[in-house]
Amino acid sequence: MDTRVTKLLAIRHPIVQAPIGASAGLASAVANAGGLGMLGISWTPLEAIGPLIARVRSLTDKPFGVNLVLVSDQQARLESALAAGVRIVSFFWGDPSPHLATVKSAGALAMMTVGSAEEARRAVDQGIDIIVAQGVEAGGHVWGEVGTFVLIPAVRDAIGTTPLIAAGGIADGRGLAAASCLGADAVWIGTRFVACTEADTHAAYRQAVVDATEADTLHTTLFDLDWPNAPHRAIVNSTVRRWRAAGSPGLRPGEGEVIARHESGAAIKRYGDDSPKAGMTGDVEAMSLYAGQSAGLVRDVRPAAAIIEEMMSQAEAILARRHS
């Protein structure tokens, strides 16, 4: 499937791995399988960015990118990633315009996640090269309130021929084919890659995604102890059930208590925005289990290459029938 996105990013398949559960292993595996691997570096210590990117480069010679959440000043992280050779940068949750001159001067491409056609139009006018339109079905932090099925054609109409990536509610080849028919040039996949052997996700988190139905997620601001009032979608777990049983109060039961620990030993508090990673210990099921409604389509844990191969095979078969 050759599209505007595959040509611009020099990738074989129109599949972009969202930075949820991202690791050097996952980003490189996706890249080697023909998609675009992504690293989330928004909270990565500055001194660790160069070695992380070098690690990915040691595992793949294919393109990959980084994602920056603009809730704080990310200029230093951006410059570090560009200095390490990254040439694809994705922005989210803020105004990318202060950073675009830096991206362009490095000869890099800029992507921006939006939740409406108006945001998409504004981003293109600012100089964004690729739009990621995120539907409210998406897992993790969710910027907009419009469903993918309406958002993608609306954004396509607003931005003309600018490359467009569809995000939210897509986990298999059927979603890829549908997104293509709606006007998208690629898809942005997060929840499916949470349940991936190369993802930096705890086994309990992966299993929660596999076990979830399409109705088992909650769009909420519940897990906002570290990122106040930021809407997100996560699987309903013991923390959510405890809060609901208490009447969904503003003063959340057990707020701030330590429920798990990082591999380093650092504490993880209930209602914090950490998601369970490999090596964490404690009651990881009670942490924020970010996942989209597409969790209902995820039925196993598989390598990234197998996920991409199956997705492409299914999408190509559907699109071939459509054109026959």
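**Notebook: salt bridges, helix packing and a strand residue**

I began with Asp224, which is buried at a relative accessible area of 10%. In these entries buried means under 20% relative accessible area, exposed means over 50%, and partly exposed lies in between (1.4 Å probe, protein chains only).

I noted the basis of the entries: the model is predicted, local features need pLDDT of at least 70, side-chain atom pairs count only at pLDDT 80 or more, and totals for chains, interfaces and linings use all residues. Residues are numbered from 1 along each chain as its sequence is written, and side-chain values use heavy atoms, with hydrogens and water left out.

**Entry 1: salt bridges**

I searched the whole structure for salt bridges and found 15. The term stands for a side-chain nitrogen of Lys or Arg within 4 Å of a carboxyl oxygen of Asp or Glu.

I returned to Asp224 and looked up its partner: it forms a salt bridge with Arg252, with 2.6 Å between the closest N and O atoms. This pair joins distant parts of the chain, 28 residues apart: Asp224 is in the loop between β10 (217-220) and β11 (232-235), and Arg252 is in the loop between α11 (238-245) and β12 (258-261). Helices (H or I, at least four residues) and strands (E, at least two) are DSSP runs, numbered from the N terminus. Arg252 is also buried, at 12% relative accessibility.

I then recorded the salt bridge between the side chains of Asp185 and Arg156, at 2.8 Å from N to O. Here too distant parts of the chain are linked, since Asp185 is in the loop between α8 (173-182) and β9 (186-189) and Arg156 is in helix α7 (residues 148-159), 29 residues apart. Asp185 and Arg156 are both buried.

Arg121 and Glu118 form a further salt bridge, with their closest N and O atoms 2.7 Å apart. Both lie in helix α6 (residues 117-126), three residues apart, so about one helical turn separates them. I found Arg121 partly exposed at 35% relative accessibility, and Glu118 partly exposed at 43%.

I also noted a network of salt bridges that links Arg192, Asp300, Arg302 and Glu310.

**Entry 2: α6 against α7**

I examined how these two helices meet. The axes of α6 and α7 come within 8 Å and cross at roughly 35 degrees; axes are lines fitted to C-alpha atoms, for helices over the stretch in contact, and angles run from 0 to 180 degrees between N-to-C directions. From α6, Ala117, Ala120, Arg121 and Val124 meet Leu151, Ala154, Val155, Ala158 and Ile159 of α7. Contact means heavy atoms within 4.5 Å.

**Entry 3: the buried face of α11**

I listed the buried residues of α11 as Thr239, Val240 and Trp243. Seen down the helix axis, they fall within an arc of 100 degrees, so they line one face of α11. The arc is that of the directions from the helix axis to the C-beta atoms. These buried residues pack against β10 and β11.

**Entry 4: Val69**

Which residues does Val69 touch, not counting those up to four places away in sequence? I found Ser42, Trp43, Gln74, Phe92, Trp93 and Trp227. Val69 is in strand β3 (residues 64-69), and at 6% relative accessibility it counts as buried. Its C-alpha atom is separated by 30 Å from that of Glu310, 241 residues apart along the chain.
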